[in-house]
Amino acid sequence: MNKKTIYLKDYLPPAWLIPETELRVTLAPEDTQVEAILHCKRNPHSKEPNAAIVLNGERLQLERLALNGRDLAAREYGYAEGLLSIPVQADECTIASTVRINPAANLELDGLYRSAGNYCTQCEAEGFRKITFFPDRPDVMSVFTTTVIGEKTACPVLLANGNLREQGELAGGLHFATWHDPFPKPCYLFALVAGNLVALEDSFTTKSGRRVALAIYVEPRNAGKCGHAMAALKTAMRWDEERFGREYDLDNFKILAVDDFNMGAMENKGLNVFNSKYVLALPETATDTDFDSIGGVIAHEYFHNWTGNRVTCRDWFQLSLKEGLTVFRDQEFSSDIASRPVKRIRDVNLIRSIQFREDAGPMAHPVRPASFVEINNFYTATVYDKGAELIRMMHTLLGEAGFRRGMDLYFERHDGQAVTCDDFVAALADANHHDFTQFKRWYSQAGTPELFVTSRYDAAGGRLLLRLRQSCPATPDMAEKKPFVIPLALGLLARDGRELSFSHAGRKNPAFLTITQKEQDFVLDEVAEEPVLSLLRNFSAPVKLHFDQSDEELSLRLGYDRDPWGRWDAGQHLALKALMQGIEQFRQGHQNITLPDTLKHGMAALLDDERADAAFRAVSLVLPTENWIGQQMAPLDPEAVFWVRQRLRALLGQELRPAFLRHYEALGKAAHRPYVYTTAEAGRRALRNMCLDYLLCCAPEAPADADMLALGERQYREADNMTDGLAALSAVVNADRERGDALLQDFLAKWQTDPLVMDKWLSLQAACPLPGTLARVRALLRHPVFDLKNPNKVRALVASFCALNQRQFHARDGAGYEFLKAMVAKIDRFNPQIATRMAAPFTQWRRYDADRQQGMRAQLEELLQAEDISDDLKELLEKSLWEG
Ligand code: B3K
Ligand code: ZN
């Protein structure tokens with residue numbers, strides 16, 4: 001297509017509105033007919049009074065176009081570059097079109113496509129234009145009535161958004177169903193589903209007493225795997241009523257699970273379509289992590305009904321309006337129903353490992369981007385997760401009650417509208433008489449702010465002086481950044497671990513200070529003794545904090561910080577110091593890395609700390625991610641990062657072996673048999689599997705301990721659930737090729753007919769850091785369970801190797817780079833969205849040593865030179881190679 005850059009500043013309201021849309025879709029695998037009637041009205045707020053009606057359309061075979069019932073000849077309209085333009089004099093008119101499309105050939109999985117012989121749609125962001133001619137932009141909201149027609153035998157189930165109006169038989173073995181969605185919506189929320197499906201049905205009574213029919217549709221072979229998803233849906237529906245006062249609005253809520261899906265799921269009004277990974281779960285086939293993420297994604301999509309659907313985005317620059325806010329809401333949901341600290345730790349790990357890295361690379365963009373070429377490239381950690389952090393900071397600044405007031409006003413003002421991030425912030429501000437003008441810089445300035453802190457204790461005055469300085473690195477779109485508003489949550493610890501009280505500006509123990517300037521001093525009064533500082537509690541802002549603390553101070557916080565996130569963060573910091581020292585030694589040629597006593601004792605104490613729950617201890621025992629370590633290094637040496645981290649883990653495993661074994665045994669005895677998924681049980685399994693992982697961990701190139709291998713093998717054989725089975729399998733696979741292969745064979749034989757379990761099997765092999773993995777990955781490309789057309793399979797094999805297995809992907813010979821280039825080129829021919837996502841590791845090329853830089857850069861250039869690459873991939877490649 002050769003798309004051009006579009007800019008937020010060029011936004012114009014639509015010239016025409018489509019208050020009502022009638023669709024009639026007659027399904028056939030290769031030749032589906034779509035008849036559309038668009039009731040059009042000039043927009044009174046348009047700035048172009050005589051504008052023609054302009055409709056988007058791509059890959060459509062136009063059969064008929066009529067204006068007010070009269071067929072138009074080709075000279076009466078224009079059609080070029082995906083835009084159909086019809087000159088109209090009147091202020092109202094009806095446009096009818098008939099087009100033909102080919103769902104079977106649709107491998108980009110955008111628009112109407114097939115998965116396992118069934119039909120489904122994906123329209124966000126710009127897929128509806130591949131179904132019919134329509135103004136494909138979120139500020140055109142229409143009431144849709146959809147008639148789906150299909151063969152009775154092949155498609156017994158026919159679904160679309162909204163309430164069922166009519167259904168019946170037609171001649172020739174066909175039948176139809178007509179669905180009406182009374183809520184005006186942008187076309188990106190349209191959905192149609194048809195096929196041979198079975199449903200798990202249930203119901204939910206809303207707080208005002210309305211009964212909502214719930215159904216989860218799956219292929220017949222997956223019947224019986226939806227119980228957890230259904231329970232999660234009902235919990236989410238209740239939670240949104242209780243926490244946000246939001247009630248569901250249609251008579252039914254339907255979910256479809258398909259194996260072929262580009263993302264996690266999609267919030268189409270009343271008819272969510274899901275990647276089956278986020279629906280199907282049985283204890284034997286899904287891990288605790290899967291159970292967890294199913295709950296989170298089900299809730300996320302459900303919450304979109306209010307944040308996204310009832311109130312939607314004016315344009316795609318405002319994507320974070322719905323995504324950041326909905327991520328915040330799903331985070332709060334998970335925190336309320338399970339462990340708040342553990343959820344926070346996981347989310348912060350993601351921000352630091354993925355979002356910070358994105359924010360420092362060539363694809364960096366503000367939470368509300370100012371321009372883009374392909375919107376699908378902006379469904380990023382920045383828009384989603386940093387976006388959620390912005391909401392969280394405003395929540396911190398306003399407090400729960402004030403935030404809720406602001407949300408209520410937002411819904412009251414904007415229900416049924418397509419609005420902007422500014423509108424959202426204005427509602428929070430107005431409901432609380434709070435000025436967010438400076439805060440809004442977070443929406444328009446990219447890059448991760450850095451916060452430098454020094455402190456001085458004045459014993460005579462009982463005062464603590466804090467000196468703060470903030471800065472934000474340049475990003476490709478902006479060199480100079482203005483200061484951010486940073487809520488800095490903090491606490492003070494006495495040297496024996498007690499929480500110390502203090503006051504600031506006359507207030508006793510304020511939870512946070514608000515930083516607004518580039519350089520700012522704060523004085524804390526009534527500080528009885530020289531404290532140990534706990535800064536950025538609960539990660540109160542998405543910044544990089546620079547504050548020197550000794551190992552002793554960090555150990556104290558690891559043991560006693562009242563903020564669980566602060567305990568975890570202190571542990572990470574302590575470990576990071578040891579890792580960076582180790583890396584320094586490694587680079588000087590010393591292979592004998594030592595394990596500092598503070599780290600060892602800190603970890604041992606944490607393991608034994610029965611006051612803390614098991615899930616918290618499990619996540620806190622994980623050393624900083626390779627991504628986070630890598631960000632502290634220039635140039636980045638992935639081999640050194642892997643080597644030292646692995647070596648340190650092995651040392652911890654050896655030196656704390658008795659403790660790990662003791663906990664491993666005790667947790668095994670305490671575990672509930674048979675498996676139940678509860679927060680407490682999942683926490684116990686997580687900690688026990690963490691122990692196992694340490695016990696089996698061996699230094700790079702060193703043989704695994706035979707007794708420990710046997711322990712892993714035993715757990716694998718005895719496990720009655722996927723969580724324990726997979727944890728054992730993974731530990732053995734990473735420790736020993738031969739023994740791992742034997743278990744992998746067994747696993748394959750057991751599970752080869754279950755695609756989601758096979759994804760785990762592929763992923764585990766691709767992520768294995770042992771030599772020989774790339775050859776294994778290449779061989780697996782030809783394995784019958786692999787399918788290049790299926791995004792889950794591609795993620796399992798290609799992304800697990802290129803994004804998770806940094807040691808092997810970045811191997812000196814460049815073979816990993818060659819492999820990724822070939823995969824990206826191949827996949828881009830039929831699925832640009834997935835190809836572009838897979839290419840992401842290359843965007844980081846500038847951070848590595850000269851050889852690796854050269855290796856990756858050559859692949860980027862080669863990809864760019866290929867003919868006919870997608871706009872998606874082209875945008876990523878050009879931005880990555882841009883010499884700003
Ligand atoms: N809104 C969808 C994502 C659509 C992706 C388009 N490429 C899922 C979600 O965030 O809920
Ligand atoms: Zn979302």
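Visitor: Which residues are the closest around ligand 1?
Guide: This is a predicted model, where local features need pLDDT of at least 70, side-chain atom pairs count only at pLDDT 80 or more, and totals for chains, interfaces and linings use all residues. Residues are numbered from 1 along each chain as written, chains are lettered from A and ligands numbered from 1 in written order, and side-chain values use heavy atoms, without hydrogens or water. The shell takes residues with a heavy atom within 4 Å. It has 16 residues, and the closest are Glu124, Glu267, Glu301, Asn376 and Tyr384.

Visitor: How far is the side chain of Tyr384 from an oxygen atom of ligand 1?
Guide: Polar contacts here are N or O pairs within 3.5 Å. Glu124 has a side-chain N or O atom 2.6 Å from a nitrogen atom of ligand 1. His304 has one 3.2 Å from an oxygen atom of the ligand. For a polar side-chain atom of Tyr384 and an oxygen atom of ligand 1, the distance is 2.5 Å.

Visitor: Which residues are the protein donors of the zinc ion (ligand 2)?
Guide: Donors are N, O and S atoms within 2.8 Å of the metal (3.2 Å for Na, K and Ca). Here they lie 1.9 to 2.1 Å from the zinc ion. Their sequence spacing is H-x3-H-x18-E. They are His300 (NE2), His304 (NE2) and Glu323 (OE).

Visitor: How many residues apart in sequence are the parts that His304 and Glu323 tie together?
Guide: Helices are DSSP runs of H or I, at least four residues, and strands are runs of E, at least two. His304 lies in the loop between α2 (288-303) and β22 (312-313). Glu323 lies in helix α3 (residues 319-337), so the pair ties together parts whose separation in sequence is 19 residues.

Notes
Polar contact = N/O pair within 3.5 Å; in protein donor to acceptor, adjacent residues only side chain to side chain.
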